[in-house]
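Dear colleague,

Please find below the structure that I am handing over to you. A summary of the findings follows it.

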Amino acid sequence: MNSVNPKALLHSKWTKKHVENREKHFVITKVERDEDNRVVECLIQAVINLNEYSIDWRDLKDVSLWRQGWQ
């Protein structure tokens, strides 16, 4: 399990384990929070083509899907 701090999500770097469309390396570009400071939206951007995707930030904890940093 990756340790993910929701306060440190913005601009963090991630490597996807299963590459699709040559998109392997990603950066968190937007983190939106509600009035209780809980993460409600997280946008991740592929470095190779700048495609953005909305993801559940908790999915980043799954080591079968993501690795922290660019590897």
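What radius of gyration would a compact globule with 71 residues have, and what does the chain have? Such a globule would be near 11 Å, and the chain has 12 Å, which agrees; the radius is taken over C-alpha atoms, and the globule rule is 2.2 Å times the number of residues to the power 0.38.

This is a predicted model, in which local features need pLDDT of at least 70 and side-chain atom pairs count only at pLDDT 80 or more, while totals for chains, interfaces and linings use all residues. Residues are numbered from 1 along each chain as its sequence is written, and side-chain values use heavy atoms, without hydrogens and water.

The chain has 0 helices and 5 strands (DSSP runs, H or I of at least four residues for helices and E of at least two for strands, numbered from the N terminus).

Asn-2 lies in the segment before β1 (13–20). Asn-2 counts as buried because its relative accessibility is 11% (buried means under 20% relative accessible area, with a 1.4 Å probe and protein chains only). A polar atom of the Asn-2 side chain lies 2.9 Å from the backbone oxygen of Trp-66.

Yours sincerely

Methods
Buried < 20%, exposed > 50% of the residue type's maximum accessible area, 1.4 Å probe, protein only. Polar contact = N/O pair within 3.5 Å; in protein donor to acceptor, adjacent residues only side chain to side chain.
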